[in-house]
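I opened my notebook to look up a few places in one structure and to write down what I found at each. The entries follow after the structure itself.

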Amino acid sequence: MALDRPAATTPTAAPWWTSAVVYQVYPRSFADSDGDGVGDLAGLASRLEHLQRLGVDVIWLSPVYASPQADNGYDISDYQAIDPSFGTLEDFDALLAQVHARGMKLVMDLVVNHTSDEHPWFVESRSSTDNPKRDWYWWRPPRAGFEAGLPGAEPTNWGSFFSGPSWTLDETTGEYYLHLFDRKQPDLNWENPQVRQAVHAMMRWWLDRGVDGFRMDVINLISKDPDLPDGSTTGVGGLGDGFPHVATRPGVHDFLREMNREVFGGRVGEFLTVGEMPGVTWEQARLFTDPARGELDMVFQFEHVSLDHGPGGKFDPKPLDLRDLKASLGRWQTALAEVGWNSLYWNNHDQPRVVSRFGDDGEHWRNSATALATVLHLHRGTPYVYQGEELGMTNAPFAGVHEMRDVESLNHYRQAVAAGAHPESVLRGLRAMGRDNARTPVQWDATPHAGFTTGEPWLAVNPNHTWLNAEAQYDDPHSVFNHYRALIGLRHDLPVVALGDFRMLLPDHPHVYAYERTLDDTRLLVVANLGGTPQTAELDREWTAADIVLTNNPEQALLSPGRVDLRPWEALVLTRTT
Ligand code: TEU
């Protein structure tokens, strides 16, 4: 991250990542080189041509560190070693050299809100109450008046993101330790300067190795209220909501500024930092991404990917109202227009596949995938493409919970059924919103296991890989893959895409998403029918004579003075000079 940022954001002085596109690799499911059914670094290296052809600039590599894999690598037991399932440090260095040789960058996934319970730091910390590393984690005695191990004895009533209490009793010392996620992911105590210094040293070690930055896992959760107060009992099973006491507290800003000074200070280079921040508001994001504050380049916010969460939460989905989506994304465009910067995403390894979620993975699969991509990519911000999204990969047809692997889904299923929910209704929520949907192997070709592995894949390949795969799309000018290539090309070639002002149009139209981008005398119009029935959109008459920059429909656009008639899932990009 360049700390001495330029004053203006004109095309010449804008940070490099304003015109960059990031591609997320979830290595476990990307490409397997040794036939063990799990993706690995050599497999990724063998597929770099795919990424170069797509035109992306940066690879965000989900964790490949040593890990017991309780949460598929988001539970780290050695930050400076590669898990044998992914390869070796030599494999990593070879991959990084190839990525750089191709003119791309690579950022690591920094998971430092918590470690694995098998990390030596935690093994030491749990060994005794007076161990020097005891205060590297959150330990507390049973709640006064309660017997250790019995319900209610947990130090707070907080629930875990992964179901159940967020405290686990450790028999060795008779105290509880905090884990906001799985019990195998104990939370680090960032109030302890020794913890921060150890994290900074590790980050510098990776930068010295040549990496180009970090995606920071739940980084807004690292500052807890040291009084550890109970949450309001609103959670499932009487578990309180600890979120207000651990999320986006003021201390996070101090920790990030310190991290910047200690890790990036004095370094010359083009770095990228993006903080994943569940629950962050646009007001808070302005502070985190204000270049003058030296904290982060951008954040991942969750407002737009929570709009279809029903009364029962994520696994109780409800239909998306496009007007809500436009209001949300429009709010973030306005909020970060003058100060800060947006990340732009539909997908990642935690979200269901957008073409199944917000599009139509049946009759209008291709057009809905390309329309959604067009709408997202031409906003102001840095787009993130999640592996397989560029192919239009869909949710998978899980027959039952036995085919799922994700700790969040499996814990939710157990807890919900134990609480009396009908298994089929719980499965419906998991099939629609479960994270395994994003983790089925990338579909490279129509061969068995889609060319992902020669062995038995750790998670079943989607049966639709027989027609939905990269090989089938490379040479099809109308494929999802080539539409993504075109969108990425527009960001590289047109300054108005990277730096133009944003203005939402037709905010109340229930099916059409339309907006304008303006830079100097150049205007760009994006207008898309995000639905399965024909729609008409009123446009300024000047757009009648505009040039068509991109469309996802090979048929002649139905442009007439003051309006455009859009076929189902038709997206149109027009440009003109004023
Ligand atoms: O996810 C943080 C987070 O908010 C999760 O609760 C996730 O968004 C949720 O599953 C959506 O319902 C990060 C990582 O991206 C995720 O893969 C890890 O499991 C989690 O942190 C713990 O490291």
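Entry one, a pair of helices. I looked up helix α8 (residues 282–289) and helix α9 (residues 322–335), whose axes come within 10 Å and cross at roughly 40°; helices here are DSSP runs of H or I with at least four residues, numbered from the N terminus. The axes are lines fitted to C-alpha atoms over the stretch in contact, and angles run from 0 to 180 degrees between N-to-C directions. I noted that the crossing of α8 and α9 is right-handed, meaning that the near helix is turned clockwise from the far one by less than a right angle. The contact (heavy atoms within 4.5 Å) is made by Trp282, Ala285 and Arg286 of α8 together with Arg331, Trp332 and Ala335 of α9.

Before going on, I wrote down that this is a predicted model, in which local features need pLDDT of at least 70 and side-chain atom pairs count only at pLDDT 80 or more, while totals for chains, interfaces and linings use all residues. Residues are numbered from 1 along each chain as its sequence is written, and side-chain values use heavy atoms, with hydrogens and water left out.

Entry two, the ligand. I found 19 residues around the ligand, the closest being Asp71, Asp217, Lys314, His349 and Asp350, where a residue counts if one of its heavy atoms lies within 4 Å. For polar contacts (pairs of N or O atoms within 3.5 Å), I recorded that a ligand oxygen atom is 2.6 Å from a side-chain N or O atom of Lys314, and that a ligand oxygen atom is 2.4 Å from such an atom of Asp350.

Key: Helices (H or I, at least four residues) and strands (E, at least two) are DSSP runs, numbered from the N terminus. A polar contact is a pair of N or O atoms within 3.5 Å; within protein, one must be able to donate a hydrogen and the other to accept it, and residues adjacent in sequence count only if both atoms are side-chain atoms.
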